[in-house]
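Hi everyone, thanks for coming. Please have a look at the model on the screen, and then I'll walk you through a few parts of it.

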Amino acid sequence: MPEDRFNRPLRDLRISVTDRCNFRCGYCMPAEVFGEGYRFLGRKELLDFEEITRLVGVIVRLGALKLRLTGGEPLVRPGLTQLVQLLAQYDAVEDFAMTTNAWHLAEHAPALKEAGLRRVTVSLDTLDEDIFLRMSGGRGRVGRVLEGIRAADEAGLGPIKINAVVQRGLNDHSLVDLARYGREQGHIIRFIEYMDVGTMNGWRMDDVVPAAEIVARIDAELPLEPLGRNYYGEVARRYRYRDGGGEIGLITSVTQPFCGACTRLRLSPEGRLFTCLFASEGIDLRGPLRAGASDDELEAIVRGTWRKREDRYSEERFALAQPREHKVEMYHIGG
Ligand code: SAM
Ligand code: SF4
Ligand code: SF4
């Protein structure tokens with residue numbers, strides 16, 4: 001099994017199945033940039049389901065134990081359930097999840113479960129209807145997302161995690177409401193520090209609410225205590241409620257980076273491999289795949305790419321003399 005330059009093994013694979021999305025979250029795909037005329041990938045540019053399945057098989061052979069479908073919005077890719085069924089065949093995979101905005105989750109949850117998906121993570125930044133509408137670029141309604149979460153829970157796609165990106169002055173007034181909702185419903189809310197992914201969101205450090213502050217603000221109303229990590233490479237810092245009411249997670253990529261244990265590889269919708277969320281370039285697998293490369297040849301490319309990996313952007317962020325100019329966009333590789 002390959003290790004990278006910092007002795008990190010390859011354990012997780014995130015598969016972005018589309019660069020399209022029905023939302024326009026300002027921190028990911030701002031509506032001003034991704035308007036009517038924006039050119040997304042065409043059908044022929046996208047990997048088809050057989051191609052994705054084959055590449056995933058190669059990467060699973062190299063040690064990936066966890067798969068996550070993402071995007072863009074994975075549920076806007078037609079026939080996604082078929083892909084789930086194809087990917088569920090890999091016995092070596094220990095965990096198979098999807099990250100979604102849940103807009104189309106209620107209608108698909110039972111079929112996704114049936115096809116072999118194990119869990120979903122839903123993105124929901126606030127329960128405040130007006131702010132959610134604004135944060136989703138005028139597209140989202142809280143009630144419909146909550147219905148999607150309920151349907152996924154009923155279909156057995158839990159324990160459900162909920163991702164909330166926190167932006168100062170925008171949704172940080174509703175942290176405790178979200179925490180209470182998670183406690184009541186038995187879902188794990190994961191508060192994510194707003195990150196400087198891509199180049200389109202106009203990120204400023206002033207907009208980041210540090211995880212320590214998020215914890216302090218929740219702890220003041222709902223007392224918390226820290227928990228240890230579940231497994232090597234777990235990125236969330238976990239806290240539990242002192243009264244036994246469940247737990248929350250914090251994704252501290254800005255204030256307390258975790259590159260040292262980052263075991264993630266990302267496959268983009270058009271078949272490029274990215275070794276970091278902040279990478280500027282991906283390694284093309286679609287070219288060799290469509291030119292007839294064998295599984296062993298594809299495996300050699302992935303192995304070589306992982307062995308050369310020396311990414312640790314979040315640890316270097318504040319030491320860089322210049323901000324990195326070219327970074328892949330989040331909607332393209334899926335967080
Ligand atoms: N569309 C799906 C969704 O929103 O769940 C999957 C793709 S989305 C890119 C994956 C995750 O990345 C979401 O939870 C989203 O909130 C998060 N994300 C996007 N841009 C971010 C940013 N600038 N900082 C932190 N998290 C971000
Ligand atoms: Fe779409 Fe997810 Fe990005 Fe929001 S975070 S714009 S839902 S891909
Ligand atoms: Fe992994 Fe890159 Fe994020 Fe560091 S910055 S944790 S290497 S994806």
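The shell around ligand 3 divides into 7 nonpolar, 1 polar and 2 charged residues. Here Ala, Val, Leu, Ile, Met, Phe, Trp, Tyr, Cys and Pro count as nonpolar, Asp, Glu, Lys and Arg as charged, and the others, Gly among them, as polar. Among the residues around ligand 3 are C259, C262 and C276, along with R266 and D311; being around it means having a heavy atom within 4 Å.

A word on conventions: this is a predicted model, where local features need pLDDT of at least 70 and side-chain atom pairs pLDDT 80 or more, while totals for chains, interfaces and linings use all residues. Residues are numbered from 1 along each chain, chains are lettered from A and ligands numbered from 1 as written, and side-chain values use heavy atoms, without hydrogens and water.

Ligand 2 has 6 nonpolar, 2 polar and no charged residues in its shell, including C21, C25 and C28.

Why is β1 largely enclosed by the rest of the structure? Because 5 of its 5 residues are buried, meaning under 20% relative accessible area with a 1.4 Å probe, protein chains only. D12, R14 and S16 cover one side, L13 and I15 the other.

β1 pairs in parallel with β2, residues 66-70, over 5 bridges; pairing takes at least two DSSP bridges. I15 stands opposite L69 there. With β10, residues 264-267, β1 makes 4 parallel bridges, and L13 faces L265.

Notes:
Buried < 20%, exposed > 50% of the residue type's maximum accessible area, 1.4 Å probe, protein only. Helix = DSSP H or I, 4+ residues; strand = E, 2+ residues; numbered from the N terminus.
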